[in-house]
Each structure stands twice: as C-alpha cells, then as structure tokens.
Amino acid sequence: MKLSRQFTIFGSAIFCVVVFSLYLMLDHLDYSKSPNGEKTQNGQLGILQDKIDHLERLLAENNEIIANIRDSVINLRETVKVGKIFPEGNMSQGDLELMPRAPALIPIHSEDCQFAARTYSKAADGVQMLDVYDLLSFDNPDGGVWKQGFDISYQADEWDNEPLQVFVVPHSHNDPGWLKTFDDYYRDQTQHILNNMVVKLHEDIRRKMIWSEISYFAKWWDSIDEQKRDAVRRLVENGQLEVATGGWVMPDEANAHYSALIDQLIEGHQWLEKNLGVKPKTGWAVDPFGHSPTQTYLLRQAGLSNMLIQRVHYTVKKHFSSQKTLEFFWRQNWDQDSSSDILCHMMPFYSYDVPHTCGPDPKICCQFDFKRLPGGRISCPWRIPPQAITNNNIQERVQTLLDQYRKKSKLFRTKVLLAPLGDDFRYTEAVEWDQQFNNYQKLFDYMNSHPELHVKAQFGTISDYFQALRKSTGMDPEGMNVGQLALPVLSGDFFTYADRDDHYWSGYFTSRPFYKRLDRILESHLRAAEVLYSLTLANIQKYGRPSEYPAVDNYKLLTEARRNLGLFQHHDAIAGTGKDWVVVDYGTRLFHSILNLKRVIVSSAHWLVLKDKQTYYHDPSNPFLQMDDVQPSQDALPRKTVLEVSGKPRLLVVSNPTEQARASMVTVYVNTANVRVLNALGHVVHAQVSAVWNDATHAATDVFQLSFVARAAPLGLRVYQLMEGMEPSTEAAKYMFLQDGGRISVNKLEHFQQFYQNDGASVHIENPHLKLSISTATGLLEKMRSKDDDSEHQVKVEFAWYGTTSNKDKSGAYLFMPDKEATIYSPSQPPVVRVTKGPLFSEVTTSFTHIKHTLRLYNIQGVEGQSVEICNTVDIRGEINREIAMRITSDLNSKDRFFTDLNGYQVQPRKTMAKLPLQANFYPMTSMVYLQDSSARLSLLTAQSLGAASLKSGQLEVIMDRRLNQDDNRGLGQGVLDNKITANSFRLLLEKRSSAEEAQNEETAPNSYPSILSHMSYMYLNHPLISMPVSQNSDASSLIPYSPLSASFPCDVHLVNLRAIQSKEEGGGPSEQAALILHRKGFDCGFSNRNTGLLCATTSGKINLEKLLTDLKVKSITPVSLSLMHTYNSEADPQEISLKPMEIRTYRLQLG
C-alpha cells in the first residue's frame, strides 16, 4: 500500500512541475515590438494566436508525458511486485517502459585502454611466426631421402655420456566421420580397436596406447559390461592407457569457433570425470590442417601442460628442424608474461604415419610398420617390405632402426626421442597388435641389453615422453619454468598449411559453406537454450514447488545437441572434407539438434514469462510458444512461419540471448498488411510492413513482412502484441525497380507504393549513421559516407570467379589451386535491382543468375545502425570447377597488411606475400577480417567461417562457395559437387581512427584488437533476438517480462555460456550447478565509441554477480579450470569476479 501511495505522490509532483513550467514558458514568451515601440493591434492578435498554438503543442506533449508517467508507474508497480527493476535502452516514442537514454559515449575506464595500446616487446629468445614467414624464401629444393628437409649426420660417440631415450607411442587415429559416417566407422573398425586394446594391453604390462576421441570412447563404453569397464580403469591407473586431449573430437582449428571448441572439450572432460576419473595432461593433434594458438590457449586454461602438433607448412618444419626449435613454449601474441605458455612438440616430417615418424627416411621407417608384413592388405610403396624380427636379422634391424632414431634426435635439443607408432584406424585386428608389439618388444629388448648402443627404448604414452623430456631439461614436471636447457618461446599461428609443392590447404576454409553456416546457427541456439534452461532450473528451485517443466528431458536434448555440435567440430566435418553421405549424416544431426533446442528454448521461455507459474503445462505436441521459422530439411534454408493476426491480440515473446540490453530489429511474417504492434502495456510500437517477394518483381499477396525494433533486457524476455487494424505508426515500405540503369515499373503491387528518383548513376539509402551510394546498373555498393564525421570512402562491392589450374593437381575439398587471378563476375543479362525504403530499414536487392545480393541499413540509433548488413544467397549448382568470391575494394591504404581472426577469439595480423602463390595468401576467417590505414578501419564481420584474403592494398576478398569436379589426392576420393543454395551473412563496418600515432605502433605489432562496436556488431549478427509467437489466444495480462539481470554486463565481458552440469546420479539429468564461462575481450580504444546505444561500461574486468542478478541469489561460486577438471583455491571474495584482458574463466555456480 505504501508503494502505491508513493507512486501517486510521485506522479502528482511531476504533473505540478509540468503545469508550472508551462506557466513560466508562456510568461517568458517574447512580445515582438513594432519599430516605433508600440504593439500594433495586428501583432497582438498574432502573438495571441502563437501563444495559443504553443500552449496546444505543450499540452499535447504534456499529455504524452503524463501518459508515459502513468504507464511507467503501472509498470514499476508490476515490476516491484515481482522484484525486478531493469533500466533498458532508450525507448522510442510510445514504447512505455521508462528507460534511461544510452550515454553518447561508452564510459570506458582509462586503464582498460592500456592493454591494446601497449607496445609489443618480443621475448629475448622469442620466435615470432610473422618474422619466420618474412625470413623464409619458400623455395623447395630436393632434400634427398627426407625430400622436404636435408641430410642429417651424427658422430657415433654423441650418446656415450647420455644415452638416447626412445619412447615409441602406439596410437590409432579415429576420424569421427570422413570416408564413412561416425556410426559406420564405429561398427566396422573402432569398436574392434577398443575391444582388442583391453585384451592386448593386459597381456603385457610394458605395452602402452593413447586414445583421444571421446565421442567414440563414450559410445563404446555404453556397450561394454562392468567387468570390462573395470579392466579399462586398471589400464588407465597403471599408465598403460592414456587419454590425450580428451575432447569429444580432435577439432578443426581453422573454422571452429572458440565457444564450440570449449564446448566439445567440456563434453569430453565431463564424460571422463564421470566415467573414468582421469584428467588429461597432454594435447595430441596429429591431423588438423594447420594449427591455431586459440586451441593452445584453451588447452592451457583447461589445465593441460603439454601438446603435440603435426600439420605445419613443410618449409616451416624444415626451418624449425635446422634451428632445433621443434620443441618450444607456445605463448599467446597478446600475453606479456608467460601465463599462457604451454610446452609444444612439433613433429618434423610429412605425416603421422609410421613411414614418417621413426626418422627422416620413409623407405626405411616403412620397414618397421609390421602391419605391412608380406601377405597383409597394405604394403610399402617404396617396395622394400618389413621383415619379422628373428635372431638372424635382429642385429641388422636394430642398427637400421637406431640409425633413424639417432638422425631424428639430431633435430631436437635433448636426448629424449618421440617415435609415434600408428596411423588411421590402426590396431583393428588382434594379429596387428601381435605384429607390432611383439616385433618392437624384441627390438627394444636387444637395444636395452646392449649398453654399447647407448639407447634405452620402450613403449610409452605421450605424457611419458613429456615427463622424460621435462626431467632431462631440469624443468618442472607440470609447470612452465624453462629449466637449464632453455627452449625457445614461440608466438603466432601455423596457417596456411602446405604439405608439398604449392599445395596450400586453403580450400577447406570455404568447402561446404552451407554447413559452416548451419554450425553457427546450432551454436547460437545451443547457447540460448543453455542459458534459458539454467535460469529456468534456478527459478523453479526458488519457486519451491514441483513443476511440470521437463528438466530431465530437456537436459537430454541439451546433451545430445552438445555432442552433435561437438562431433561437427571434427577436422573432417566443419572443414567440409567428408564424403557426400557423411556430410548428410552430420547435417542431419545438426538439423535435429536445432529442432530439439527450439523445444528447450520455448519450454523454458514459457516458464519464465508466465505470471502465474501454477498455470504452466508441458505439451510437446502443442507447445504454448512456437518458433517463428521452420527449416524444412537438413539441406534447405529456413523459412519464416506466417502468423495469423486478427482483431484479438496475438502475443509474441522476444528473447535477448546476449548479456547486453539491446534494441534490435524483429521481423515476422503476418497474413495482413493492416497490422499494429503494441508492447505488453498496450502502447503502440513503430513498425514497418514490407512485401514478401516470390522473385525479383513479384510480391506475395497473402503474406507480409512486419518489422519493429524490440528492446530487451540482457538475457531477458519481452512481450509484444500484434493486432489487425489500421495504424499510423505502422508504415508501409516504398519500392523502386531498376534494370540496366533505368527504371522499370512493376504491376500488381497492391499494398505498396512505388517511388521514382531522377535517373542518376547511383541510388542512395541512409540511416542516422550512414549514407550508401549504390550503382543503379548493378545494385552494388560504391561509396559509404559516415554521418558522424561526414567522411566518405570508396567501398566497392564486386563478385569474382576463380577457376582451377590445368596442371595435374587441381582444386578439391582441401586444396585451392586457382588457374590465375579471379575474373570479375559479369552477368549475361542486366539484373533487376529492387530498392526498398522504409522508416525502420532500407535495402537494395539485386538478383544475379548465381547470387541474390542484399545490402540493408537499419534505421536504428546504435550498434545495429552503424554497419551495413550484406546477405548473399549463392547458387552455383550449374557450374564446373569454379569458385565464387565477394570482393570489397576500398580507398584505404592498407598496403600488404590485413587481419583475420582466429576462432572468433583473437586477431592475427597477416601479410600478403608476393613470394607465395595466390592460394597461400588466403587465411581462415571465423568471425572477421579487416584492413586499415592511419585514418580508418574497414571490417567485414561474418556469420560463417570462410576463406579470406587481401590480395591488393585496400581490398578484401572472401570465397563464398566452391564447386569442384575432381578429387585433390588427399584421400577423400571425390570432388565437391553437393552444393546447396547457401545464404551467407555479413556486416560491413567502417570506423574512423581517433588517433594516428596508435596506427604507427600497429604497423609492426603481432597483435591487433577489434573495437567495442565491432565486438558488439559481431555478437548481434551471430546471436539475433529470438521471436516466439504464443500459439493460443492468451491475453497479455497472463505474461510478464523477465529480466534476470539488473544491468548489462561490462562492455568487454562476454557470457560464453551458462551450462548446466551433469548430475553424478544415473539417469542423465542435471545437477544443481552450472558452469559459468566468461571471456574478457581485448578491444582497441582508438575508434569512436559514440552513439552505440549501449548501456554498458568497462570495469577493469570486475563483476559482482550478486549485484547483477535481480531475483536469483548466488548460493556458491568456485573458480575452476576451463573444462571443470581442476578446482582452484581462491583467496579473493568469490562474489567479485575479476578477469584479465583476453582471459576466459570458468566458475562452478549454484543459483537459487
């Protein structure tokens, strides 16, 4: 009661103030005087008329203010009742929640700018990969038996004082899908490998084995009995079986986003914790096609100490071998101390198979792959077969093998040698176990019993090797102190990979782009579902009564989705390098998981927006909320569902999956052009009705596109109402059609007007931030003008074709082998250009034969309005050996430098090198590519991974799809001919640099950072608002908005996930805890933070969770390693989270 009295007094006070102000304003009106000082009669009347008009205007404004205050008071009473007060972004007229205006400038702590502005200092013994690339000539001389290397010699007495210590590490590389599907490989090979492993390792305690893919191990574990499981646990306990890395898969490191990399690592490590109780120490990545320091950082954060990599450019391997830098501490480019270091071993030779792992001569090493003994299914291509080891040949065989071991060891700084023993899907049959293990054991026994050989050889796991390596260098067994024998510190990455000649693996950065996009859609759905699910569980607990909410069923759907997404991060899945039917299998898994996650999202949102929780029901066949789009099949683009709108309000729940309060466009399809949008309190929201096009010039007559700006609290849910009826605040878009530079008129456009402009060379669309000039002939962008500083830049969009070379080795799923520079796409007939102008967005759509290209500007103040949205729907299904690229040419003087991100986590500077072939200058782009000069930066943000380059100064290029008729001889055995109609989405962002001296500093620095605006634009592009229509006629009063947070997160802190943790009990349900994963992003302050519309600040990485939550309480919070394997003791206040720039941290969180 007290509260309502306070509100009444508050309202009355404001009313009095407004009336008094009116009186004062009238009093101060200036009486215009006639020249002789007398007021004329006429003037008096005019003044009176003005005063009356002015008063009417003020009263009208006052009425609106009073109405808004009244609604706000009602709203406040509602939110106070449910214990929530959330200030959101600036509301448009008539939207009634009382919102503070976003500050014109983001409040950024000056300290928070220092991180990106620091000058880079290289470690004294540091190796910077950018420098290595500058240094190398990339010639390819014949190196003799080690074709890509050099001759290795040694002195016989080198090991007299310290014997050579050899660890032979048996492994079997099991691709979770490639030439067969995951299930087929498991049935035909993997299950037999694992079954034989249990038997064969038990036969001899000296035998060892490593395994890395938990996806297979978990499937096998489910099929074996408890007795066998105990046998496996014993093998792990006595060190015979080691789990290396322990992720769900061995992921691709070029196309995978860091959130999915973390997710598949957690999925594997959580499975291990529950079933085997092991904590992996060493990473094992023998097959990803190039290596990223992001994966390195994630392994370090998960608590691993060592790692191994294999696929690195052959010239780099040769250089590292000659410098003895194949073992190094891998440090992040942005890291100023050594906190991110991890000990890394790079394998020196061509492949991870047996011929390329015992030493430099594959002809000899192949003779020690005993699966290739005569009579078997595979033989040695060098035509000298292995011999079974007997008393007669053992001395010679030992000498021959030892010679290879010694030569290989000369490439390293220590007397400890690693010799992997395995290949793809090895050890399937018991006979192979016997062939390898028995023959090698004879060799080892001979070596170890002849001290004059100065060698100690044994089977080992990968961690056995690293343990011995660390011991021999006087290093800490786990930590990163360098020891007496200083190993170098390396920073940078290992893209783009070439395994021989000019065979650069830059094709797979784009191959099968339809599924690279589907991957991102699943990622954003999974994150939204995880967060809503965790919040729902905590709320149900707080509510304290049993609920019909399907917590266990939903958790099973989440687990399956995590695993399907994890499986797709495999280096032949997201890479687009599997057989056609395997791609369909992956696609079907992604597709089913998206459908299931939609069920989790709607059932959770339903619970959270209900005013009376007792009315909650769960009916999967007829859910209370639905999603507003449907994907008909795994290989088709999603379609919007049409909402039936009538005189009764149709409710729409809008979910904001991001941790920032935001104003973003929501677009739904409706069955009538006469429609009004109201918010939860019945106040009109400004909306735009546009046509739905069947083709370039024919609009549907029974379905319309309705767009409005929804304003949503961070992680919050908002309720809107759609009703039939004429409404001045709902405006129809206007259209113009052009062909060949001239106007064409279109008939039967009944609900929309056409407009005409004087025929000029360009057409313009604009919003509060930008004005674009677009060619009337092609519909392609030509110039961008920024209204904030009135600067104009040439920014030309074009499309281009690449062919494939006429040489023997042609482009395929892996390789990009173009015939020459790209040729500009020129359509056979002039395309139709459709210009849309409306109050909320304007766009230009051009329909070419192979591409439907749309440029869109949102008429929104803030993040959504500061970039240009580019959508390309690409269809090259009729082409032969062609790849299609989008090229953006600007007047920025970027020279030969540009920047691509690594896994959406960090940015890596790139240099286009004339000494390398064209295909070598393409790099993976997971989230963005940009170029810059001293005055500006041009960024292309992307909603899918693709290959990108900057082949000329000021120019960016991305390959959008590839259709290739032949195999490229890397084992796949087919071309890429399963192209789909593929939608690619981008945001183009032009930012003015505020200080030129920082640009000078950046010329040579090995790191670079996006601006806050760029980070936010990327997040909005990849995590759009989710709209969920209510299925029944439900009245607005039954639903309330949901705001779990009292404010936005700090601008530079991203909520990577809030992931419910599995219960220890059987039954597949959740525990009461969730993994809270946070990432503090590095950002560059050298760009404008004006008019972003953001309601966040930076806080030097500090967050007080208890204060941020509105209605939930933190029951417990514990800092843990990234994948929850290790728990850290923290002295600090657990409530205050503190993150360093770039840091990703995980906390075990219990809410209630």
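The crossing of helices H5 and H7 is left-handed, a crossing being left-handed if the near helix is turned anticlockwise from the far one by less than a right angle, and right-handed if clockwise. The model is predicted, so that local features need pLDDT of at least 70 and side-chain atom pairs count only at pLDDT 80 or more, while totals for chains, interfaces and linings use all residues. Residues are numbered from 1 along each chain as its sequence is written, and side-chain values use heavy atoms, with hydrogens and water left out.

H5 spans residues 182-203 and H7 residues 226-237; their axes lie 10 Å apart and the helices pack at an angle of about 55°. That angle makes H5 oblique to H7. Angles under 35 degrees count as roughly parallel, over 145 as roughly antiparallel, 65 to 115 as roughly perpendicular and the rest as oblique. Axes are lines fitted to C-alpha atoms, for helices over the stretch in contact, and angles run from 0 to 180 degrees between N-to-C directions. Helices (H or I, at least four residues) and strands (E, at least two) are DSSP runs, numbered from the N terminus. On the H5 side, Asn 195, Met 197, Val 198, Leu 201 and His 202 meet Lys 228, Ala 231, Val 232, Arg 234 and Leu 235 of H7, contact meaning heavy atoms within 4.5 Å. The residues of this contact comprise six nonpolar, two polar and two charged; Ala, Val, Leu, Ile, Met, Phe, Trp, Tyr, Cys and Pro count as nonpolar, Asp, Glu, Lys and Arg as charged, and the others, Gly among them, as polar.

H5 also packs against helix H6 (residues 214-223), where the axes come within 10 Å and cross at roughly 70°. H5 and H6 are therefore roughly perpendicular to each other. The contact of H5 with H6 divides into nine nonpolar, five polar and two charged residues.

A further helix pair is H15 and H16 (residues 551-568), which pack at an angle of about 150° with axes 10 Å apart. This makes H15 roughly antiparallel to H16, and their crossing is left-handed. Among the residues in contact are Tyr 515, Leu 522 and Glu 523 of H15, and Tyr 555, Arg 562 and Phe 568 of H16. By class, the contact of H15 with H16 holds twelve nonpolar, one polar and four charged residues.

On a 1 Å grid over the protein atoms alone, a cavity is a set of points where a 1.4 Å probe fits but cannot get out, and lining residues have an atom within 4 Å of a point. The largest cavity is lined by 22 residues, with His 257, Ser 259, Glu 523, Arg 527 and His 1023 nearest its centre. Helix H8 (258-275), helix H15 (513-543), helix H19 (1012-1022) and strand S45 (1053-1062) each give two or more residues to this lining.

Two backbone features remain. Most residues other than glycine have a negative phi, and most peptide bonds are trans. Lys 324, not a glycine, has a positive phi of about 55°. A cis peptide bond joins Phe 495 and Thr 496.

Terms used:
1 Å grid on protein atoms, 1.4 Å probe; cavity = no way out; pocket = protein on both sides within 12 Å on 5 of 7 lines; lining within 4 Å.
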